[in-house]
Structure formats: structure tokens, C-alpha cells
Amino acid sequence: MTDHDHASDRPQKRLDRKPRVTVTRHLAAAVETRMSDLFEANLNLTDEPMSRDAIVAAMQDCDVLVPTVTDRIDASVIQAAGPDLRLIANFGAGTEHIDLKAAAARKIIVTNTPGVFTDDTADLTMAGIIGVPRRVREGVELIRSGKWTGWAPTAMLGRKLGGKYLGILGMGRIGQAVAHRARAFGLEILYHNRKRLPEAVERMFGATWVESIDELVAQADILTLHCPATPETRGIIDARRIGLMKEGASLINTARGDLVDYEALITALEAGHLAGAGLDVYPDEPNVDPRLIRHPNVMTLPHIGSATREGREDSGMKVIANIRMWADGHRPPDQVLTGLR
């Protein structure tokens, strides 16, 4: 019998006091107010990122940790947690920054906030899908520099969207939301996923399954990435696959910076093999390669895919709901490790 099986046999006991909750970053005012009402909340009102040592210290003296994607909660951090830490209630859907196996070994439940940022991220992805082929960033710079001399029949020619192939790598919630939006612009939808979607779902999105990633990148006029960050997907768009892309194609990445070999991407952009890129994530945030910033047709955004007031507040409220259910002795609705209770 595994640790997961043993853990599932032991129901969570209801806390007879307010849970002690440490939040690593400054959250929406409504969320922090509600947390302060319900919990013994240790908030980060200055929004200074907590150091590793500060997170370890906090985890030795709380019941619940609320981290974000920028906090690395690895095995050594979890092993250093105090005996009362029983829940890591992540703010956000992605959990690649948390060592889930180490949490399971310590019988610590992990929750997330799935689905909250789907539309927000899909909307921002569409900004890149439209903006890169139409050279929006370059046009803005032309106006701001004062070098625009007026309309001309051959000036600032971009590429039409209608009839082009949009390749979606990763057809989960966000990938499907992008497909739904992209159809309105006349794009032909190709996709690759770990598992093929049911035929009815494909028909709903007008999406065509492509069996291999190589085929997808070779056929796409615009390639957009919506994969989770895992050891298997790290560098999934490498120099070889960038080389397979059509001349003049565009790459959009609003998922995770580790998915792309950015050095190979820059080489392809500077050589003119790719027309441009729309990037919201980077492998070494907040550092962005100056060559990307200088390129006239690369939209460099500061990881704002989920940055709407509504989305961030909804995510915080999901965190609160997970904590409350756990504290009441019930299974949290967004539990990541299904073998634990």
C-alpha cells in the first residue's frame, strides 16, 4: 500500500481554531480583507518577494502556505516545514514550482485555482496572434519615434489572418479558448495534444488533430503554446523544431518560458526565418534578453496573461474556499494530489 493510500484512509480533522495562513505575495484588497476576517492571516502588504529562508521560517509556524508561481517550494523547503503545515493552497493553476511528491511524502495537501485565468490568458494570446502578423509593436514604435511620414501603399505590410493556419500546442482549457476566439478571425485551427480530443469537441472548435509536434510546427503560420511546464515539455520548441517552422511564421508563448529554446528563437528572428514573436513569459524572469526587446516585431509583455482585476480576485477567493473546506475537515474542491484527504 502506498503513502497515498494510507493518507486517503485518514480523514482530515476539523480545526478547532482559525487556521494560521501565510501569504507570500500581496493579493487583491478584497481577498486580503476576507482572509483577515476568516483566518489568522500573515499577509505580505509590501509585496516584496519572500526569500527562501523567509518561506521556510513561515512554514515552520503556520497551518497553510499560500504561494504563487514565483515561489519555489522544492523538496528541501517542504522537508523543513513545521509539523502543523498541512495545506499548500497555491494562488494560480500551475503547480510546477511545488514539489508534489515531497508534499505527498509529508502528507501535505496541495490545491490550486484552475480555470480562473482561462479567458484572460486566451485574450492576451489573441493580442499576439493578431498583433505580430500585423506588426503592431513596430507600428507603435514608428509613431513614438516621430519617424512616420504618412500612409503609403507599400508601407508596414503585414500578413493577413484569414485562411492562415494557427497551430495550438496543448489543447486544454486555454488552448480551446484560443481556438474559439481564433475561428472568428478566419484562422484554420490545427492542434496537437497528449490525447486527441473527442470528435464532437473537434467539430465544435473546427480543429484538426495533427499527430506529431513536428507536423504541427511545420504546418502552422502562427504557433501558440499552451503546455504545462514539466520535465518532458522543457525546451519542447527547440532549435530543430524552430527550423521546421515556415519562413515568415510567428511564435506566441503565453504559457511558460521553459517551453522554448530562446537562444534558438532569437537566432531565427534575427535571420529573418521567423517574422516575429509574441512573448509574455521568459526562462529567467524578470530578465528578458535585450535582443528580444530590440527586435522590431517581438511583442515583449511582462507576464500579464492573468493580470485582470476580476481574475486575480476570483483566484484569491478560490484559495479561500480551499482553505475553508480543508479547515472544516472536508476535501478541498481544487485538491491537486487526489490520493490525499
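Me: Which residues does threonine 118 touch, not counting residues up to four places away in sequence?
Reply: Threonine 118 touches Arg173, Ile174 and Ala177, leaving out residues up to four places away in sequence. Contact here is heavy atoms within 4.5 Å. This is a predicted model: local features need pLDDT of at least 70, side-chain atom pairs count only at pLDDT 80 or more, and totals for chains, interfaces and linings use all residues. Residues are numbered from 1 along each chain as its sequence is written, and side-chain values use heavy atoms, with hydrogens and water left out.

Me: Where does threonine 118 lie?
Reply: In helix H6, residues 118–131. Helices (H or I, at least four residues) and strands (E, at least two) are DSSP runs, numbered from the N terminus.

Me: Is threonine 118 buried or exposed?
Reply: Buried, with a relative accessible area of 12%. Buried means under 20%, exposed over 50%, partly exposed in between (1.4 Å probe, protein chains only).

Me: What does its side chain reach, for threonine 118?
Reply: The backbone oxygen of glycine 115, at 3.3 Å.

Me: Which residues are buried in H8?
Reply: In helix H8 (residues 173–183), Gly175, Ala177, Val178, Ala179, Arg181 and Ala182 are buried.

Me: And what do the buried residues of H8 pack against?
Reply: H6, strand E6 (165–169), strand E7 (188–192), helix H9 (199–205) and strand E9 (222–225).

Me: New topic. At what angle do H2 and H14 pack?
Reply: About 15°, with the axes 9 Å apart. H2 covers residues 29–38 and H14 covers 309–327. Axes are lines fitted to C-alpha atoms, for helices over the stretch in contact, and angles run from 0 to 180 degrees between N-to-C directions.

Me: How are H2 and H14 oriented to each other, then?
Reply: Roughly parallel. Angles under 35 degrees count as that, over 145 as roughly antiparallel, 65 to 115 as roughly perpendicular and the rest as oblique.

Me: Which residues of H2 and H14 meet?
Reply: From H2, Ala30, Val31, Arg34, Met35 and Leu38. They meet Glu313, Gly316, Met317, Val319, Ile320 and Arg324 in H14.

Me: Where is the cis peptide bond?
Reply: Between glutamate 285 and proline 286, with omega about 5°. Proline 286 is in the loop between strand E11 (274–279) and helix H13 (290–294). Most peptide bonds are trans.

Me: What phi does arginine 135 have?
Reply: A positive one, about 60°, although arginine 135 is not a glycine. Arginine 135 sits in the loop between H6 and helix H7 (136–145). Arginine 135 is partly exposed, at 21% relative accessible area.

Key:
Polar contact = N/O pair within 3.5 Å; in protein donor to acceptor, adjacent residues only side chain to side chain.
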